[in-house]
Amino acid sequence: MKNPRYRKKGLVRKEHHKKKQLREKTTHKKKQLREKTTHKKKQLQEKEKHKKKQLRKNVNHKNKPLREKENHKKKQLWERKSHRQKQLREKENHKKKQLWERKSHRQKQLRAKENHKKKQLREKKSHRQKQLRAKENHKKKQLRERKSHRQKQ
């Protein structure tokens, strides 16, 4: 038979070994649990992230027709506004054109009136001069006739 002391030593060693294994086992289990929980947490976070993303996508997708509607309204408003502005500009330009035409017409009339007056004055002057010349000629003719009549007598 083996020495009991040795046996005891062996038992002590075995017990130490078992304890060590247990420690290692527990630490390993703890480590695995930690990893498992962190992995689960990560997965949950990813899931949440994905859900949020999906929700955003869904909201955006649902809002797309609304956005399009709003954009359409804005476009229509802008078109109406620009059309009004265009009409106002055209109206303003038309008024300006009419004013200019009236002004130019008045000026034309005034010029025509002035020219007519000048022409009348010229005609009057030339008519007077003609009459004066005729009178002068008549006088000269009479004088000549008288002279020749006297000479005949």
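User: Where does Gln87 lie?
Analyst: In this predicted model, Gln87 is part of helix H1.

User: Is Gln87 buried, partly exposed or exposed?
Analyst: Gln87 counts as partly exposed, because its relative accessibility is 43%, which falls between the 20% and 50% cut-offs.

User: What separates the C-alpha atoms of Gln87 and Lys64?
Analyst: A distance of 34 Å separates these two C-alpha atoms, and the residues are 23 positions apart along the chain.

User: Turning to the overall fold, how many helices and strands are there?
Analyst: The protein chain has one helix and zero strands. Its radius of gyration is 63 Å, well over the 15 Å given by the globule rule for 153 residues, so the chain is more spread out than a compact globule.

User: What does the C-alpha trace span along its principal axes?
Analyst: The spans are about 215 × 30 × 10 Å.

User: And what share of the residues counts as buried?
Analyst: Of the 153 residues, 0% count as buried. The chain exposes about 16900 Å², with carbon and sulfur atoms supplying 53% of that area.

User: Now charge. Which residues gather in the patch of positive charge?
Analyst: Lys49, Lys52, Lys53, Arg56 and Lys57 form that patch on the surface. Lys49 is located in helix H1, which covers residues 4-152.

User: Why does Lys49 count as exposed?
Analyst: Its relative accessibility is 58%, and exposed means over 50%.

User: How far apart are the mean positions of the positive and negative charges?
Analyst: For the 67 positive and 15 negative charges of the chain, the mean positions are 5 Å apart.

How values were computed: Residues are numbered from 1 along each chain as its sequence is written. This is a predicted model: local features need pLDDT of at least 70, side-chain atom pairs count only at pLDDT 80 or more; totals for chains, interfaces and linings use all residues. Side-chain values use heavy atoms; hydrogens and water are left out. Patches are made of residues with over 30% relative accessible area and no salt bridge: like charges are joined within 9 Å, nonpolar side chains (Val, Leu, Ile, Met, Phe, Trp, Tyr) within 5 Å. Accessible areas come from the Shrake-Rupley method with a 1.4 Å probe; for residues, only the protein chains shown count as cover. A salt bridge is a side-chain nitrogen of Lys or Arg within 4 Å of a carboxyl oxygen of Asp or Glu. Lys and Arg count as positive and Asp and Glu as negative; His and the chain ends are not counted. The place of a charge is taken as NZ of Lys, CZ of Arg, CG of Asp or CD of Glu. Helices (H or I, at least four residues) and strands (E, at least two) are DSSP runs, numbered from the N terminus. Buried means under 20% relative accessible area, exposed over 50%, partly exposed in between (1.4 Å probe, protein chains only). The radius of gyration is taken over C-alpha atoms; the globule rule is 2.2 Å times the number of residues to the power 0.38.
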